[in-house]
Amino acid sequence: MTDSHIQNKEYIDAARLCAEAVARDEKNARFCVFPGDFVDTGTDNNSEWEWERWFEEALQPVLMQMPLVPTDGNHDDSPLLNYSYHFNTDTTFNLETKVRPQFAGINYSFVYGDMQLIAFSMQDFWRGEYDYANSTSEYFTRDLGNWFRKQTAAHPEATWRVGLVHKNLFSGSDHQRDKETPLMRATMLPVMKECRMDLVLQGHDHTYEVIGPVNPDTHKPLLNAISDQKSVRTDDLSNITGRKDGVYDVTDGTLYFIGATCGAKRYTPLTRDEMDASQHIHKVENYFDLFTGMFGQPGAPSYTRITVKKDHILLESFKVKDDGKTELFNTLKITH
């Protein structure tokens, strides 16, 4: 679940509808991963009211049933450090790093069964030395990159490595035009390659996106790694690619996934022409080709059930209708 953006009753009700469906239908879930934007006005002095409503009303059905695995989003940023006061995650990163992010406990990892999950934040690229023109950030290259290497080297037994982050390395909404995204790709894709990241769960875009597997050197999709897809009717909003389901082999690249939003704030996916027109900003040729699976706006609060097995990861995505009933709308199987 991601991007609830709690700010008023409409947003509380949408996230609550999704949370109630998860609590009802996912009773065997071990935990809930949430890659940021819990609240909407994190920079305002009244943001604590939104945090209260997130915990006590909107996501309460889920939180009463399972642990939460969070990391921060840009709307959670606050000089009051509200984020840090609400979660009990490992804070070792902030104690050991040279450039410290604003919040303690946003970069941490753990092994659960066959999976190593690495939660991290790309909010603080501007702390320390950085350069947009040259796409450099000492925080990403040195502090976050070295931490990634340390985490993965400590657990060579992990069959799967899954990242959890808010901001997108690859994006299908207007965030594609954010000037920091080329910087993030230039500094973090080599880390994704070296640490053999299989799957990265992203937020931020509020649309449903299946991206890759992406060759980290060329920024191109590995089309031969995809099989068993279905062709469906193309729709400019709900499914702009006309593809759904599929099996994705991530042996030679990483799959980037965004499960839309569990809330009420929804974006419109960009078209091929719109992506091409922004190439001077995002600096990726044929960007639209990276969207190798379903790509669109479900138009309802959504969540994804993630099942990790020794030989595959299964992602089953559901949207929650107004009556609270769920509808399965896409299934991905990840192998290597």
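# Reading a predicted fold: surface, cores, sheets

Analyst: The accessible surface of the protein comes to about 13,800 Å², and carbon and sulfur atoms hold 48% of that area. Accessible areas here follow the Shrake-Rupley method with a 1.4 Å probe, and for residues only the protein chains shown count as cover. This is a predicted model, in which local features need pLDDT of at least 70, side-chain atom pairs count only at pLDDT 80 or more, and totals for chains, interfaces and linings use all residues. Residues are numbered from 1 along each chain as its sequence is written, and side-chain values use heavy atoms, with hydrogens and water left out.

User: How should I judge the overall shape, and what radius of gyration does the protein have?

Analyst: The radius of gyration is taken over C-alpha atoms, and the globule rule is 2.2 Å times the number of residues to the power 0.38. For 336 residues a compact globule would have a value near 20 Å; the protein has 18 Å, which agrees. The C-alpha trace spans about 50 × 45 × 40 Å along its principal axes. Contact means heavy atoms within 4.5 Å. Of the contacts with a separation of 6 or more, 74% join residues 24 or more positions apart.

User: What share of the residues counts as buried?

Analyst: Buried means under 20% relative accessible area, exposed means over 50%, and partly exposed lies in between (1.4 Å probe, protein chains only). Of the 336 residues, 58% count as buried.

User: How do I read a nonpolar core, and which residues have the most contacts inside the largest one?

Analyst: A nonpolar core is a set of buried Ala, Val, Leu, Ile, Met, Phe, Trp, Tyr and Cys residues joined through side-chain atoms within 4.5 Å. The largest has 35 residues, and those with the most contacts inside it are F120, F140, F148, F170, M188, M192 and Y256. Two or more residues each come from helix 5 (138-153), helix 6 (181-194), strand 9 (208-214) and strand 15 (291-296). Helix 6 gives the most, with six residues. Helices (H or I, at least four residues) and strands (E, at least two) are DSSP runs, numbered from the N terminus. Beyond its neighbours within four places in sequence, F170 has contacts that include R185, L189, Y256 and L290. A second, separate core of 28 residues includes I6, V62, I106 and V320.

User: How many disulfides are there?

Analyst: A disulfide is a pair of cysteine sulfur atoms within 2.5 Å. A search of the whole structure finds zero. C262 is in no disulfide; the nearest cysteine sulfur, that of C18, is 5.3 Å away. C262 is buried, with a relative accessible area of 0%. C195 is buried too, at 2%.

User: How do I read strand pairing, and which strands stand at the edges of the five-strand sheet?

Analyst: Strands of a sheet pair through backbone hydrogen bonds, either parallel or antiparallel. Two strands count as paired if DSSP finds at least two bridges between them. The open sheet has the order 10-13-18-17-16, with mixed pairing. Strand 10 (226-227) and strand 16 (302-308) stand at the edges, each with a single partner strand, so one side of each lacks a neighbour in the sheet. Strand 10 pairs with strand 13 (residues 247-249) in the antiparallel sense over two bridges. There, S227 has V247 as its bridge partner.
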